[in-house]
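This report looks at strand pairing and then at aromatic contacts. Please keep the structure open while reading.

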Amino acid sequence: MKLSDFSKLLIFTLLFPFLSNAQAVNWLIETPATGSEVCSDEFSNVYTCGRFMNSVIVGGVTYTSAGVQDVLIQKRDQMGNPSWATQIGNANTDQVTDITYDGYGNVWIIGTFSGTLSIGSFTLDAIGGLDMYVVKLNASNGTILFAQSG
């Protein structure tokens, strides 16, 4: 039986906890999106992004996919409570590749799309089959500040 790298790490961590700096788990929650990326800020807020189909519920709000797959970005506070969530999507399959917090109060995501993509007040048109996009959000409230494709 061959063990995956994750399984090996898990076994090592359980057998030799004294070799690592132990971290306490304050909260654990399943993200409603698949293929999720995660980052955090200096205040221990957590930002995730991923793809979803059909509909998902975050903080009592239902988000419904506009197409095959949409993108969901969310912020959770240091206790795991939802602060905000933002949806990006069109009639096609939209992907998200990465998320980062820049240390200046902004969250950035990158991904791919095809067709026309409306992101807040920005409208992006794909030139080829799949185009990349970059989006800047206000980390405090999820407001979309900038979006560009290329």
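## Open sheet

Four strands make an open sheet in the order β7-β8-β11-β12, and their pairing is antiparallel. Strands are DSSP runs (E, at least two residues), numbered from the N terminus. Two of them pair if DSSP finds at least two bridges between them. At the edges lie β7 (95–101) and β12 (144–149), each pairing on one side only. From one strand to the next, the twist averages 15°. Axes for such angles are lines fitted to C-alpha atoms, and angles run from 0 to 180 degrees between N-to-C directions.

Strands β8 (residues 106–113) and β11 (residues 131–138) run antiparallel and are joined by eight bridges. F113 has D131 in β11 as its bridge partner.

## Model basis

This is a predicted model: local features need pLDDT of at least 70, side-chain atom pairs count only at pLDDT 80 or more, and totals for chains, interfaces and linings use all residues. Residues are numbered from 1 along each chain as its sequence is written, and side-chain values use heavy atoms, with hydrogens and water left out.

## Aromatic pairs

The whole structure holds four aromatic pairs. Rings of Phe, Tyr and Trp (its six-membered ring) pair if their centres lie within 6.5 Å; planes under 30 degrees apart count as stacked, over 60 as edge-to-face and the rest as tilted.

Y47 and W84 are both buried (under 20% relative accessible area, 1.4 Å probe, protein chains only; exposed is over 50%, partly exposed in between). Together with Y101, Y47 and W84 form one aromatic cluster.
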